[in-house]
Amino acid sequence: MSADTATTRTVPGENQRDRFYRLLPGLLADQPRLVAVLAEISVNYLEEVPPSIADRVVNVGIREQLLVGAAGGLALTGMRPIVHTFAAFLVERAWEQVKLDLGHQGVGAVLVSAGASYDWPEGGETHFGHRDVALLDTLDGWTVHVPGHPDEAEALLRAALPGDDRVYLRLASDSNRLPRDVSDGRMRVLRRGSRGTVIAVGPLADRTLAATEGLDVTVLYAATVRPFDAETLRTTLDSPDVVLVEPYLRGTSTAEVTAALRGLRHRVLGLGVGRNESRRYGVPADHDRLHGIDEAGLRRAITGFITEFD
Amino acid sequence: MLVRMSAPNQASHGYDDLAALLTLMTGDEKHDASATSTLDVLWVLYDRILRVAPDRVDDPDRDRFLLSKGHGPMAYYAVLAAKHFLPVADLPAFGGFDSPLGYHPDRTLVPGVEIGSGSLGHGLGLAVGTALGLRMTGRDRAAVVVLVGDAELEEGSNAEAIQVAGRRHLGNLTTVVIDNSSASAGWPGGIAARFAVEGWSTRDVDGRDHDALERAFTAATDDRPHVVVAHVDPEEPR
């Protein structure tokens, strides 16, 4: 999707999460099968909804087990739950409910998280959400979207609503300058080169392009990481050296790359958020630097990797 | 709310056949109290209360029975077999690799089983969501009954569901608690009090007395969720 095909007007300064809240009342009004299930977070955005949809905004309070458990029950009756809170509470705190009350029951929901890895670094470790995608990787049948722009978040959300499957939509404060067409779940080729492939995920696309400026590498962009688009990686591959730039736990998709390149001698470098407890606060840029996924850190790591055997 | 059915579900098997059906799974003609703690409650529900039938397991207007306490499901399978939801011939392979009947039930394998359970503390949350969903989809006649154990209630997830069900006036939800005094820390003041304080109507009942169980299930008359605490003697042989 490009900016001129966005289905809603763009609001200056609006981030992915703002867009989600702005869209939600209209989506509920248009689609009677939808139900928003909330655990206090962002309830204030839905206080003014019309009475006709108010009964499909279910705030369970600060009860994340029930947040996901009730979503499972709603799905069993044919409803399509949109389940929302911070990533750490949605996926980690209610982990067994995600596993059993959705997957094991054979039903789905659209889990929409906010907060990403450290959108609120002042909140510290308890509010960091970088383990989410890796955790979902232990389960069957999850589609995972990591949009890089509010327009992409909107397109991916809208596309997820008609189904009955399990979808995770990971909203971040940070976005790329412009949206890209993410409608088919495939990776986009941002640049072609011959000395390796760098896969930039979601909001890290612009930064990855800047960090690889002048390097002879292919840069791919993924806003959907599960299922992983192995075909685009294989068909665009020149040198079998692959760098993953992911805004969540470092190495989360390394196994996907290994599987995609099975039968081919290759190297993989996973860049992303480390698992060490940093016990630091500050601003997101501090943590990008700490984990080596700021522009300078990315350039250093990618250059070192592709020139390692020169 | 639940009502007594005008005509009992047709079945060639009666209550007196359940012991033999259990034996097909256990291989033992005697069944200890823990294996049968749910038996009378399940029988009363399927024989007198639930508007369900083998030919309408996907009917959106059916009542939903959610077995949250998934362990020890022999009584459940025996009742489902007695009511023709599953073939009696399936019972002897209970727990086998090719059997649909595990030591914990799986809704995707057994017709009429509404949830897969086994890990304690999931049924009440699923039941709250189901009750909300039935209301949203206009299925006002369909009731939700969830069965939990007194020890299972120790899981904190139940507290979340009990509170929200009460506050949202889920009159289409009934919880039946099988109280065989197996909770290690006990429930001083009784289990029903925990539900009452959250806005539920409550009944304590002898979990082996079929007529009393029927009266307890059909006692709810308002928009409050309803709990039936069915007391069974943990030592009583059957």
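Predicted model: local features only at pLDDT ≥ 70, side-chain atom pairs only at ≥ 80, totals over all residues.
Me: What makes Gly121(B) count as buried?
Reply: A residue is buried if 20 or more other C-beta atoms lie within 10 Å of its own. Gly121(B) has 25 C-beta neighbours inside 10 Å, and therefore counts as buried.

Me: Where is Gly121(B) placed, and which residues does Gly121(B) touch, not counting residues up to four places away in sequence?
Reply: Gly121(B) lies in the loop between helix 4 (74-82) and helix 5 of chain B. Leaving out residues up to four places away in sequence, Gly121(B) touches Glu152(B), Glu155(B), Ser157(B) and Asn158(B). By contact we mean that the C-beta atoms lie within 7 Å. The C-alpha atoms of Gly121(B) and Asn172(B), which are 51 residues apart along the chain, are separated by 20 Å.

Me: Why is strand 2 of chain B described as largely enclosed by the rest of the structure?
Reply: Strand 2 covers residues 144-149 of chain B, and six of its six residues are buried, so the strand is largely enclosed by the rest of the structure. In a regular strand the side chains alternate between the two faces of the sheet. Here Val144(B), Val146(B) and Val148(B) point one way, while Val145(B), Leu147(B) and Gly149(B) point the other way, and all are buried.

Me: How do you know that strand 2 of chain B pairs with strand 1 and with strand 3 of chain B?
Reply: Two strands pair if at least two bridges are found between them. Strand 1 (residues 64-67) and strand 2 of chain B have four bridges and pair in the parallel sense. The chain passes from strand 2 through helix 6 (residues 156-167) to strand 3 of chain B, in a β-α-β crossover that is right-handed.

Me: What makes strand 1 and strand 4 of chain B the edge strands of the sheet?
Reply: The open sheet of chain B has five strands in the order 1-2-3-5-4, with parallel pairing. Strand 1 and strand 4 (201-206) of chain B each pair on one side only, and they are the edge strands. Neighbouring strands of this sheet are turned by 20° against each other on average, direction ignored. Helix 8 (residues 210-217) of chain B packs on the sheet and touches strand 3, strand 4 and strand 5 of chain B. The direction of helix 8 makes about 175° with that of strand 4 of chain B.

Me: How do you know that strand 3 and strand 5 of chain B pair?
Reply: The requirement is at least two bridges. Strand 3 and strand 5 (residues 226-231) of chain B have six, in the parallel sense. Within this pairing, Val176(B) stands opposite Val228(B).

Me: Why are helix 3 of chain A and helix 6 of chain B called roughly perpendicular?
Reply: Angles of 65 to 115 degrees count as roughly perpendicular. Helix 3 (residues 64-76) of chain A and helix 6 of chain B pack at about 70°, with their axes 8 Å apart. The two helices are therefore roughly perpendicular to each other. Gln65(A), Leu66(A) and Gly69(A) meet Ser157(B), Glu160(B), Ala161(B) and Val164(B) in this contact.

Me: What makes helix 7 of chain A largely enclosed?
Reply: Nine of the 11 residues of helix 7 (residues 150-160) of chain A are buried, so the helix is largely enclosed by the rest of the structure. Among the buried residues are Pro150(A), Leu156(A) and Ala160(A). The buried residues pack against helix 1 (16-30), strand 4 (109-114), strand 5 (142-145) and strand 6 (166-170) of chain A.

How values were computed: Residues numbered from 1 in each chain as written. Chains lettered and ligands numbered in written order. Buried ≥ 20, exposed ≤ 12 C-beta atoms within 10 Å, placed from the backbone. Right-handed = clockwise from strand over helix to strand, strands pointing away. Contact = placed C-beta atoms within 7 Å. Axes fitted to C-alpha atoms, helices over the stretch in contact; angles between N-to-C directions. Parallel < 35°, antiparallel > 145°, perpendicular 65-115°, else oblique.
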